[in-house]
Amino acid sequence: MRRVPTGKRKAVVLLSGGLDSATVLAMAVHEGYEAHALSFRYGQRHTVELSAAARVAKELGATRHVIADIDLRVFGGSALTDDALAVPHHASADELGDEIPVTYVPARNTIFLSFALAWAETLDASDIFIGVSALDYSGYPDCRPEYVAAYEAMANLATKAGVEGRQRLRIHTPLIQLTKAETIRRGLELGVDYAWTHSCYDPVDGRACGTCDSCLLRGRGFAELGLTDPALATAE
């Protein structure tokens with residue numbers, strides 16, 4: 001069916017199916033963007049998050065949702081893409097250290113942003129949204145503000161629109177200075193039902209484990225608001 005133009009500004013929103021990306025999609029839609037959601041089947045341990053991403057995209061009103069296939073298992077090097085490496089589990093978020101954890105997927109955000117950049121060019125869009133945070137995160141180097149700024153500068157040198165001076169591409173990181181609790185609060189204000197989302201690195205029978213880094217940080221965010229993470233409530 002032929003899509004009728006909406007007149008809205010188009011944006012590509014990276015959507016993993018997790019808490020942060022769902023919040024960012026809600027924010028983009030709230031700001032009036034025609035949101036084109038992009039997810040990846042990249043060889044991760046499980047695809048539960050992709051089912052969650054599909055539901056989030058539908059419920060939050062994404063104009064289109066695309067799942068791109070790439071295979072980072074050929075490189076490995078992360079507990080999320082290499083069966084020889086175990087996902088760490090802890091008793092509480094207080095046990096999480098400052099070192100870059102084994103769940104870091106080498107260059108993942110660079111790869112994902114490059115796909116988003118390519119799609120943005122074909123859509124004639126000048127906005128990309130990504131749910132990275134420099135607070136309450138696992139210490140990944142590609143979640144830092146200086147990384148995003150450097151990538152944005154590179155992107156504007158690498159695109160036809162940028163070279164021709166027609167439009168400047170902007171990478172939006174609305175969560176970059178928010179704690180997990182602040183992110184959740186904003187999402188709830190925008191109508192996000194976090195039961196739609198899935199953030200766990202190592203699910204058991206499709207349910208959140210509750211003890212991986214992602215589950216612990218997410219759970220602490222809900223607890224700081226006096227709430228229970230619906231993903232963990234389901235797992236019990």
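## Helix 1 against helix 6

Helix 1 (residues 19-30) packs with helix 6 (residues 180-189) at an angle of about 45°, their axes lying 9 Å apart; axes are lines fitted to C-alpha atoms, for helices over the stretch in contact, and angles run from 0 to 180 degrees between N-to-C directions. That angle makes helix 1 oblique to helix 6, given that angles under 35 degrees count as roughly parallel, over 145 as roughly antiparallel, 65 to 115 as roughly perpendicular and the rest as oblique. The model is predicted, so local features need pLDDT of at least 70 and side-chain atom pairs count only at pLDDT 80 or more, while totals for chains, interfaces and linings use all residues. Residues are numbered from 1 along each chain as its sequence is written, and side-chain values use heavy atoms, with hydrogens and water left out.

Leu19, Asp20, Thr23, Met27 and His30 of helix 1 meet Lys180, Thr183, Ile184, Arg186 and Gly187 of helix 6, where contact means heavy atoms within 4.5 Å. By class, the contact of helix 1 with helix 6 has three nonpolar, four polar and three charged residues (Ala, Val, Leu, Ile, Met, Phe, Trp, Tyr, Cys and Pro count as nonpolar, Asp, Glu, Lys and Arg as charged, and the others, Gly among them, as polar). Helices (H or I, at least four residues) and strands (E, at least two) are DSSP runs, numbered from the N terminus.

## Helix 6 against helix 7

The axes of helix 6 and helix 7 (residues 213-224) come within 8 Å and cross at roughly 65°, which makes helix 6 roughly perpendicular to helix 7. On the helix 6 side, Lys180, Ala181 and Ile184 take part, and they meet Leu217, Arg218, Gly221, Phe222 and Glu224 in helix 7. The residues of this contact of helix 6 with helix 7 divide into four nonpolar, one polar and three charged.

Five strands form an open sheet in the order 3-2-1-4-5, with parallel pairing; two strands pair if DSSP finds at least two bridges between them. The edge strands are strand 3 and strand 5 (170-172), each of which pairs on one side only. Neighbouring strands of this sheet are turned by 25° against each other on average, direction ignored.

Strand 1 (residues 10-14) pairs with strand 2 in the parallel sense over five bridges, and the bridge partner of Val13 in strand 2 is Ala37. Helix 1 packs on the sheet, where it touches strand 1, strand 2 and strand 4 (127-129), and its direction makes about 170° with that of strand 1. Strand 2 (residues 34-41) also pairs with strand 3 (residues 64-69) in the parallel sense, over six bridges, with Arg64 in strand 3 as the bridge partner of His36.

## Helix 3 against helix 4

Helix 3 (residues 108-123) and helix 4 (residues 145-158) pack at an angle of about 35°, with their axes 11 Å apart. In helix 3, Asn109, Thr110, Leu113, Ser114, Leu117 and Glu121 meet Tyr147, Tyr151, Ala155 and Ala158 in helix 4. This contact of helix 3 with helix 4 has, by class, six nonpolar, three polar and one charged residues.
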